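Here's a walk through a protein model, one feature at a time. Have the structure open in your viewer and follow along.

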Amino acid sequence: MKISIFGTGYVGLVTGVCFAEMGNDVLCVDIDERKVQSLRQGKSPIYEPGLDTMLNENIKAGRIHFTTDSAEAIAKSELLFIAVGTPPTEDGSADLKYVLEVASTIAKRMTGYKVVVTKSTVPVGTNAKIKKKIHEVLSARGANIDFDICSNPEFLREGCAIQDCMKTNRVVVGVETDKAAKIMAELYEPFLKSGNPLIVMDPVSSEMTKYAANAMLAAKISIMNEFSKLCEKVGADIEHVRRGIGTDHRIGPYSIYAGVGYGGSCFPKDVKALIKTGDDYDESLDILKAVELVNHNQRVNFYNKIQRHFDNDFSGKHFAVWGAAFKPGTDDIREAPSLYIIEQLLKQGATVTVFDSVAAENAKWHFSTKDLVTEDIIKLAEKNLNFTSDQYEALKNAHALIIPTEWKSFKEPDFNKIKSLLKAPVIFDGRNIYHPQRMKDLGFQYYCIGRTALQL
C-alpha cells in the first residue's frame, strides 16, 4: 500500500518504518529540512532500540522516503496519516494547531479519495474537527471530493516501540464507513497474524480508548506508589505486596512497580487532557485528579528523603545522579522525575553530576532552555550541573548516589567501586533496583520506595 505520514517525531517515524518493514511504500513528511536530510542519510532524530537498523534497511530497500513536499505526499498516497505533535497548553488541553494545519493542507491539495488517519494522540472530538476542517476547505475550493476519517491511536511504549508495533496485541480503528474499515484491515492484516484483534469502532470511542488506556496505567502506577508510602509506615515491603497482587489475574503484573513516579510524553499529558475534557463537560474526574497529585507528590516524597538525611543542609554537598530519562530504553526526558530532583538540589545550593548514556544531551538542553526552566535555574545549572559519559566518574566526591532511572547498567554495578568513590556510602534508589538487606550487608545507607530489609 502507498502511505504518507505527516510528522517524523516518535510516533510518525516508528510507525512509518514499521509499515515499510511490512513491504508498504512509505513517504514521511516533515517541515524541518535538516531533519529530513538527516533521515535520508539513515540518521534517526530519536533514540529507540532497533530503530536505526530498521530505518537504514528500509531506506536501502527503497520502501521508505522522506520529504518536505506535502503536495507530493498527498498526491502519492490514498492513506494519509497525521502524526504531528499535540503539545499540552497551560490549562492541560492539547494544542491541535498542527493537526488541523495538516488537515487543511490535505484538503487544499487532494484531488481524489483519501483516508485521513489520525495517529497523533488527540482529545475526544478531534476527528470531528478534522472532518469539519476538510469539508470547509473543500467547500471553499468548490470541490466535491470523497474522503474518510479514521482514528487509529498508537499504543507504543518508548524503549519497546518496534516490538509493540510489529507484534501489536491489538489495533484500534475508529471509522465511519465500511470502506475505511476494509482499507485499515488490509493495512494491519500482516501485523495481526498471531490472532490478536483489529477492534473497529466509531472515532469518538477510539479517541476515548487511547486516553482511557493511558489513564488506567497511570492510575495503577499511582496507587502502587500510594501503597508504598503506607508500607514504609507499617513496616510492610511493597515488593512482596506487588508480587502478591500481581498474580491476581484481575490486576496483572504490569505497571504495579512502586517508584519515584511516572513521566514521559504520554501519561502526564494524557491524564491532564482527559481531566480537562471532563471539566469541559462539567464532569469532574476526581480519581484522575488524585492520580496526578499522587504522581507529583511521589517525587516530592523521594526528594524529602534526601532532605531529611542531610538535615536540609546542602551547602557544599555534591550528588551523583544515575539516569535522566523518564524510564530506561529511551532518550525522552519529558516530565522525568530526575528533572524535579536535580532542580531542587540546584535550588538548595548543591552541585550535581549526571550520567545517562542516552538522554544526557536532552537533559543538558532542558536546563539551558528558558521555556522549560527559569533564568535562575539556568544560571545555577551553568555553574553547578555537570554531565559525564562514565557512570562511575559521576560518583567522584559525591555525598550520595541518586537513581531516578533503572538503566540495565545500574542493576549489577561494582558496589566496592561505588563505595570507594563516594564520600559516604549513601544511595537513594527511586526505582527499587537493589534489595535493602543486601545493601545493608554491603555497608550502604540505602533509601528506597516502600521496602523493608526483611530477607525472605
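A cavity here is a set of points, on a 1 Å grid over the protein atoms alone, where a 1.4 Å probe fits but cannot get out, and its lining residues have an atom within 4 Å of a point. Grid points are joined across faces, edges and corners, and the volume is the space filled by probe spheres set on them. The largest cavity holds about 50 Å³. Around it you'll find Thr-118, Ser-120, Thr-121, Val-122, Asn-127, Ser-151, Pro-153, Glu-207 and Lys-210.

Before going further, keep in mind that this is a predicted model, in which local features need pLDDT of at least 70 and side-chain atom pairs count only at pLDDT 80 or more, while totals for chains, interfaces and linings use all residues. Residues are numbered from 1 along each chain as its sequence is written, and side-chain values use heavy atoms, with hydrogens and water left out.

Now for the nonpolar packing. In general, nonpolar side chains in soluble globular proteins tend to be buried together. A nonpolar core is a set of buried Ala, Val, Leu, Ile, Met, Phe, Trp, Tyr and Cys residues joined through side-chain atoms within 4.5 Å, where buried means under 20% relative accessible area, exposed over 50%, and partly exposed in between (1.4 Å probe, protein chains only). The largest such core has 62 residues, and Ile-306, Phe-319, Trp-322, Leu-345, Phe-367, Ile-402 and Tyr-434 have the most contacts inside it. Helix α13 (residues 337–347) gives the most to this core, six residues; helices are DSSP runs of H or I, at least four residues long, numbered from the N terminus. A second, separate core has 43 residues, including Phe-19, Phe-66, Val-115 and Val-117.

What about the cysteines? The disulfide count is zero, a disulfide being a pair of cysteine sulfur atoms within 2.5 Å. Cys-160 has its closest cysteine sulfur in Cys-18, but at 13 Å that is too far for a bond. For Cys-266, the closest is the sulfur of Cys-160, again 13 Å away and too far. Cys-160 is partly exposed, at 28% relative accessible area.

Finally, look at Glu-232 in helix α9 (residues 203–234). Glu-232 counts as partly exposed because its relative accessibility is 38%. Leaving out residues up to four places away in sequence, Glu-232 touches Lys-305, Cys-448, Ile-449 and Gly-450, with contact meaning heavy atoms within 4.5 Å.

Terms used:
On a 1 Å grid over the protein atoms alone, a cavity is a set of points where a 1.4 Å probe fits but cannot get out, and a pocket is an open set with protein on both sides within 12 Å along at least five of seven lines; lining residues have an atom within 4 Å of a point. Helices (H or I, at least four residues) and strands (E, at least two) are DSSP runs, numbered from the N terminus.
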